[in-house]
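Here is a short briefing for a first look. Keep the sequence and the model side by side as you read.

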Amino acid sequence: MEASNTSDRITEGQRRWKIRKAIDMVARRVVEIGGISVIAAIALIFLFLLSVVYPLFGQPSIEEIGQYPTPGANDETLYLAIEEQAEIGLRVGRSGNILFFNVENGEAMVERSLPIAPDDSITSFQVVNETIGLLAVGLHSGELLFFQHDYQLEFTDTSRIIHPDILYPYGEQSFPVTEGPILGFAIGDNEDSTAVMARTADGEVVFQSFLKESSFIDEATTLELSDKDVISTVDPVLGMLVDPEQEWGYILTQDGSLSAYDIRENSFNLREKVLVTEGDVRPTILKFLTGGISLLIGDSSGNLSQWFQVRSDGDLEFRIDKIRDTQIDNSPVESIATEQLRKGVIAASQAGKIKLLYTTSERDLLSLSASDSAIQTLAVAPRADIFIAEDRNRNIKVWHIDNHHPETSLSALWGKIWYEDYVKPDYVWQSSSASNDFEPKYSLVPLTFGTLKAAFYAMMFAMPLAICGAIFTAYFMAPSMRAIVKPSIEIMEALPTVILGFLAGLWLAPFVELHLPGVFSIFILMPIGIIALALVWWKLPGSVKRFIPEGWQAAALIIPVIIIALICVSVSPFIERVLFDGDIRIWLGEELGIGFDQRNALIIGIAMGFAVIPTIFSIAEDAIFSVPKHLTSGSLALGATPWQTLVRVVLLSASPGIFSAVMIGFGRAVGETMIVLMATGNTPVMDFSIFQGMRTLSANVAVELPESEVDSTHYRILFLAAFVLFIFTFFFNTVAEIVRQRLRKKYSSL
Amino acid sequence: MNTEKLGFFKSGTPWVWLNAGAVSISMIMVVGLLILIAVRGLGHFWPKTIWEIDYLEGDNQIVLLGERSKTETVPAKQLVASGLHLGFEEEFVERTLLKIGNRDMNGVDFKLIVKPAEMEVRKPVDAIVFERTQWGNFYGFLQSLSENGDTLDIKSGALWDELQSRLKRVDDLRDEIHEIEKYEIGKINYKIEKLRLKQRRIELSGISDPDAVSDIKSQRKILDDEYEILKGELGKLYSAIARDQALMTIQDGREKQVKLADIIKATKPNAMGLGTKLGHYFVNLKNFVTDDPREANTEGGIFPAIFGTVMMVLLMSVIVTPFGVIAAIYLREYAKQGFVTRLVRISVNNLAGVPSIVYGVFGLGFFVYFLGGNIDQLFYPEALPSPTFGSGGLMWASLTLALLTVPVVIVATEEGLSRIPSSVREGSLALGATKAETLWRTVLPMASPAMMTGLILAVARAAGEVAPLMLVGAVKLAPSLPLDLNAPFLHLERKFMHLGFHIYDVGFQSPNVEAARPLVYATALILVVVIILLNLSAIYIRNHLREKYRTMEH
């Protein structure tokens, strides 16, 4: 009985022990899994940011998806195009036949022919407006005929059907332009007007400008002739262009001379004539880059160059400048196609080589040998995901391209880029604009500059206050006062930065603007005043000194500091009147040429300095306070003054700690968002002036990310900015942390 | 040692004083900032005197009526430079920003006036200020009251009391309207939307289910009928509330009929004694905390922002506490203390210093677009293309902030764990307890104040953080609270308002910054008070804890 009871008890105990053991195991697993998953979650931040940023630097890929003989009549191809969905292609033939065909397999779909009189024929062709599909042909009779390819989408329950058609926006009649056959022409077209330059066999170039008038009744648009001008050229013309705003007309002759005409007055005013090729090299093709600002010129050496009008520094004159060029092939450039929504270009050579490039980022994206014979016609789909090329043997090949972020390259992000309409290569951040054919400018340099500038001014303000304050608090201050000061500074650290930013923007900025001389005199007079007070104190007899015990100087100084500040602020208007002629902002602008922003780096320095002080203070104070006491006691015992002990012993051994405090403070200043967002003008200027604002990486992300399209280049670049911030602060903090840990080890061994 | 002999500079005294000065300046800045916010924030609710000023503008003398909102001294030259013609010779001019209100009649709320042009200043006892539902404040004098367009025959002495009693009636009616619009109609709309989504889901599933569809139709019919009834009631209430009008004269003598329905509150601040003012002060303060915002957030209260902040912080705490504590326990009690653990510890420490905007970017990309987008595809296809979880909301904001604050909790908990003497653990283990039991029964209870500190610091940080919220779900005006009476009660996908974001938005994005400024100060004050209280309690707990273990070690 007894025995069995014991064994019962033992089994009972064993059972409970097993359960406890099991619980222990489960707890261990749960904690391990939980702990590791939290750490993994943190690592996920890094990996996720990286995964979003990575495609920016990926290479585009290309895949041939079809090949077929050119569909349609057996005539010369004037033009190929692909519609938005990249399903239907368009071919315009020399005989006036227009064929819509399936892009993938070349099957003919819809056929139309242009209303041209039987005794007339097409002598030239030009794209008028690629985005809306407006085209024009020049006729033997000297007339122009406008037509438009248009696509209607129809949605059924299961699918989407596209109905292509040819429209005549200005009616089916043609417009007389020249006396003889139009051998070539150029058209600039916008919503209000259209300008035409057409050349005839006898070397005349006719300029005609039309105003668009819409009828209120049936919404039809008619072209009304408004002005006309004629010049004659002797040299054989290769190509002509008129920009959409109808400000400039260009004529490129076959021997490589490019003339730019000012046509704003609706007549030819020759402004400049430049040679675009050298030596035996001859231009072979002339085309606008999307947007109608840059000219693309291909030549017989296989070089493709970009040119645009540059307003030279200082004067108002424009000159045509070669911006950049790239080698397509060793054989002459035969054809060029431009992307419609970006500044991308596809160029092909006589030897059948095709090259994809991007102008802004100067990237040669990829090249391929497409054919044995010359590629005569190229077409890119509006979304730039499909392009087709027809060679001399009337063969069409179709490619699918994955090319999402050609705008970025290391040089585009961090180097100087010569953007359209800029006088020189520059660092610019301008990510979006109202217009569609805008060239996005993604230089991170102005933002990084702004970030460092803001951090620099913040550190200039915070470092002296925080480190000096830490020294006094840790080394001189009476313990009972320290018990008040430390928590106060910790609370300072906890203040939401949105409140600091709000006060800086709405209270401090106007205040400083109004009392600028006063604020600067505070910076100068405050240290002088404190030293003067110290001197007075020094001279006082010992009986008076006893009122303020050692270690309470900071408390004693509070009233005098306030008084000094108040005096400075209240004499500010007088200083302004006497020294700065009544208004310092005007004085700065007129005498020194310094612009004054109300929300400037000075405000940021003070506000962000305020946010950074507690960070630096706490860590530095910790480092100084934990210097082992026997070191200081030894120094003092050997006869050093407290100050000597501080400088020679304490600061020396605590300096790594102070260094790491500054690093961490700097890291915080770099990443701070709300203060800079609210207290600067957020203009991405590169000016180190204390009176100018800036735009920082973090504020830029906060402003632009909610509006940017997911997975677009802009979106990824903003992620890159965040990634840069992450790496930057992580690096600084890690260095600081390692320094601190080593310091702690050193102290504990002492 | 005698420093006196060394001479002033050699002794180091000036440098010691300079260091002391740095401390004083820092302290003055902290305290000054708090005082500034407190004064401006609290001042907002005090009923201000209405001044009537005969003012010389150019050659014309006009009468102005309003509150002085800001006065400063500026050099006369600056004023002249800004295009003002002064008819007097003075170096410095006192300039006042006068809130003249009556935006519907004056076009602006504020007017800058200079002292020398103020000819005569009066404090009319019967000047009245209306707080209105739109167009901001109204300043003027009461002439008569009318009901359904007929002027009431009331003695001028009794007019004011009559106005107040009629305003009381308007107030009650307004409450009723609010009740119907916000709760009852809101509820019906919510149900109708649910039905629409249900129907869409059936359509998407591709299986025809006529029973379900007709069921939805009949339910829809019931709801539509209910809605019609409510609409009828509302119509009656609206015509009842529009009954009364007050005929007012404004500063320049023009008359204006003000609908009582537009008036939220009518006061005669000049006629108030100190006690009455104090009473109004606290009523205003209470309304500020409990009311919804009006007029693009420039008027009214901040209740939804307080509510949103609290909800977000609560959710975040629920997420962050277990994970932070488990991670800390793992690092301190279970993980092998080696190079890797040290590396992890440094990383966790550093994450506390990673800019908050980076977390926001991560939250937007990962939580909102990636997770949210996929959740929408899987579970809410019927609502597409309008996103459910695929845009910023309460849940993603809480998760993002949880990630942001998890290092704080880990660090604080770890510190607490490391302070517990190992003798305590060893004792427990020696008595036969398993590791889990030791942790659960002995170590964790002792470390609980440290966890508390960590959590409080996390909450304080989360409550003040704005940058990441701008990306993951805080909005300037949320149509409905994330918690209401419609099942499932807690709507994690909803956008919410946040105190910090409110400050940013009203202070910088508002159409009428000047009028909204006092409100921003008041909001800032509330935020600061909450955060300081949280931090003080964290500091208190921490100090208390240190004392406790100090005694234990000996």
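In this predicted model, strand S3 of chain B covers residues 92-99. S3(B) runs antiparallel to S4(B), and five bridges join the two. One residue pair can be named: Lys99(B) has Phe110(B) in S4(B) as its bridge partner.

**The sheet in chain B**

- S3(B) and S4(B) belong to an open sheet of five strands.
- The strand order is S4-S3-S2-S1-S5, and the pairing is antiparallel.
- Which strands form the edges? They are S4 (110-114) and S5 (118-122) of chain B, each of which pairs on one side only.
- From one strand to the next, the twist averages 45 degrees.

**S1(B) and its two partners**

- Strand S1 of chain B spans residues 51-57, and strand S2 of chain B spans residues 60-75.
- Seven bridges link S1(B) to S2(B), in the antiparallel sense.
- Within this pair, Asp54(B) stands opposite Val63(B) of S2(B).
- The two strands make a hairpin, with two residues between them.
- Gly58(B) sits in the turn of that hairpin and has a positive phi of about 65 degrees.
- S1(B) also pairs with S5(B), again in the antiparallel sense, over four bridges.
- Here Tyr55(B) stands opposite Glu118(B) of S5(B).

**Domains of chain B**

- Chain B is divided into domain 1 (3-38), domain 2 (49-148 + 245-270), domain 3 (160-242) and domain 4 (303-553).
- How far apart do the C-alpha centres of domain 3 and domain 4 of chain B lie? The distance is 37 Å.
- Six residues of domain 3 of chain B are in contact with four residues of domain 4 of chain B.

**Domains of chain A**

- The assignment for chain A gives domain 1 (60-72 + 278-406) and domain 2 (445-510 + 598-749).
- The C-alpha centres of these two domains of chain A lie 51 Å apart.

**Helix H5 of chain A**

- H5(A) runs over residues 497-514 and has 18 residues.
- From first C-alpha to last, H5(A) reaches 24 Å. That is close to the 26 Å expected at 1.5 Å a residue.
- Where does H5(A) bend? The bend is at Ala504(A), and it is about 40 degrees.
- Ala504(A) is also buried.
- Other buried residues of H5(A) include Thr497(A), Val498(A), Ile499(A), Leu500(A) and Gly501(A).
- Further along H5(A), Leu508(A) and Ala509(A) are buried too.

Notes:
Residues are numbered from 1 along each chain as its sequence is written. Chains are lettered from A and ligands numbered from 1 in the order in which they are written. This is a predicted model: local features need pLDDT of at least 70, side-chain atom pairs count only at pLDDT 80 or more; totals for chains, interfaces and linings use all residues. The expected span of a helix is 1.5 Å times one less than its number of residues. The bend at a residue is the angle between axes fitted to the seven residues ending there and the seven starting there. A residue is buried if 20 or more other C-beta atoms lie within 10 Å of its own, exposed if 12 or fewer, and partly exposed in between; C-beta atoms are placed from the backbone. Domain bounds come from an automatic or database domain assignment. Two strands pair if DSSP finds at least two bridges between them. Axes are lines fitted to C-alpha atoms, for helices over the stretch in contact, and angles run from 0 to 180 degrees between N-to-C directions. Two residues are in contact if their C-beta atoms, placed from the backbone, lie within 7 Å.
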